[in-house]
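Dear colleague,

I am handing over a structure that I have been going through, and the notes on it follow below. Please read them with the model open beside you.

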Amino acid sequence: MKLADLYARHELTLSVEFFPPKTDKGEENLFSEIETIKRLNPAFCSVTYGAGGSTREKTVELVDRIHRTCGLEVMCHLTVVGQSKDDARAVLKKLQEKGIENIIALGGDPPQGTVDWQPHPDGFHYAAELVREATVLGGFSIAVAGFPEVHPRAESRGSDLRYLKEKVDAGAAAIITQLFFDNDDYYRYVEDVRKLGVVVPIVPGVLPILSAPQVRRFTSLCCAKIPVALERELVKVENDEQAAVQLGIDYATRQCEGLIKFGIPGLHFYSLNKSYSVRAVCKNLDL
Ligand code: FAD
């Protein structure tokens, strides 16, 4: 089923994000985590595209395997960075041939070890161009990324919001947000996006924290802030992974309770390929 139809149902649309593992063992673990996640009856799962387009073949292969063998709807991440327009078109064609209907079209993170985002000499510069390309090719339901705390490379909050609208005008059916830890950022974002006349679902991306150093690394990369109260809790679990996981579950549960009360179309969980915390949060929420 297409994203647009999934979000049109009058229920909370759960989705879970995975990344392509580096080893065969990691891949088998992933499929066992997917089987566990399926018990939550998510509307779909998604597979990321490695930084700099590094997992192009692997991502498509995994998406195809999930589509064929898991009985679970899937969304393929696809980025413009590190590949030519023809490469991007070839991936879209391959997905089309394999019957994959859902994609999230993204600018992409720069390759690992680099900080500067450089477009490929023959590539697209912005995600909006990829949305246009996929729309013209046809048959896709397309999501795009949204940044409640403003994208780090944006000229301003206003320009970031205008370019988001450009992606929706180009054919995007849903916006999935970057992780955030202060719900007020999401509420303000929704208000501002709606003021521009954008009506598509704005789905919050939620990360159940798994470790203190890891969440600090993630937030520094995507420029999301860690609220003071959360930072105080993180310090207490600095060297205790189990306690950090429990903190992550408790915090994400409270965050989701607030979001659900506000009225959201769905929840997109950044699982980091581990189902335990996502399941625990959903259990706490009676989902
Ligand atoms: P764009 O929409 O292209 O925007 C990038 C920047 O350019 C923004 O600052 C925007 O304001 C600005 N901009 C846009 N259009 C213009 C224009 N015409 N002129 C001037 N400035 C413009 N990264 C990966 O590598 N792989 C993944 O699988 C992946 N999955 C993600 C999933 C989600 C839900 C999210 C939220 C992010 C994901 N990312 C992923 C990270 C994302 O690709 C990066 O943050 C990237 O830098 C921005 O992507 P974008 O799609 O918003 O890009």
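Is Arg9 buried, partly exposed or exposed? Arg9 counts as partly exposed, at 28% relative accessibility, where buried means under 20% relative accessible area, exposed over 50%, and partly exposed in between (1.4 Å probe, protein chains only). Before going further, please note that this is a predicted model, in which local features need pLDDT of at least 70 and side-chain atom pairs count only at pLDDT 80 or more, while totals for chains, interfaces and linings use all residues. Residues are numbered from 1 along each chain as its sequence is written, and side-chain values use heavy atoms, with hydrogens and water left out.

Salt bridges

The side chain of Arg9 meets that of Glu11 in a salt bridge, at 3.6 Å from N to O, the term being used for a side-chain nitrogen of Lys or Arg within 4 Å of a carboxyl oxygen of Asp or Glu. Glu11 is likewise partly exposed, with 47% relative accessibility. By this rule the model has 21 salt bridges.

Another of them pairs Arg132 with Glu166, whose closest N and O atoms are 3.1 Å apart. This pair links distant parts of the chain, since Arg132 belongs to helix α5 (residues 127–137) and Glu166 to helix α6 (residues 157–169), 34 residues apart; helices here are DSSP runs (H or I, at least four residues), as are strands (E, at least two), and they are numbered from the N terminus. Arg132 is partly exposed, with a relative accessible area of 37%, and Glu166 is partly exposed as well, with 32%.

Within helix α7 (residues 183–195), Lys195 and Asp192 lie three residues apart, about one turn of the helix, and their side chains form a salt bridge with an N to O distance of 3.7 Å. Lys195 is exposed at 63% relative accessibility, whereas Asp192 is buried, with a relative accessible area of 15%. Salt bridges that share partners also join Glu27, Glu28, Lys58, Glu61 and Arg65 into one network.

With neighbours within four places in sequence left aside, Ile175 is in contact (heavy atoms within 4.5 Å) with residues including Val144, Leu164, Tyr189, Val198 and Ile202. Val245, which lies in helix α10, is buried at 19% relative accessibility, and under the same exclusion of sequence neighbours its contacts are Ile209, Leu210, Tyr276 and Ser277.

Helix α2

The 15 residues of helix α2 (residues 24–38), at 1.5 Å a residue, should span 21 Å, and the end C-alpha atoms are 21 Å apart, which agrees; the expected span is 1.5 Å times one less than the number of residues. Among the buried residues of α2 are Gly26, Leu30, Phe31, Ile34 and Ile37, and the buried residues of this helix pack against β1 (13–18), α3 (56–69) and α11 (275–284).

With kind regards
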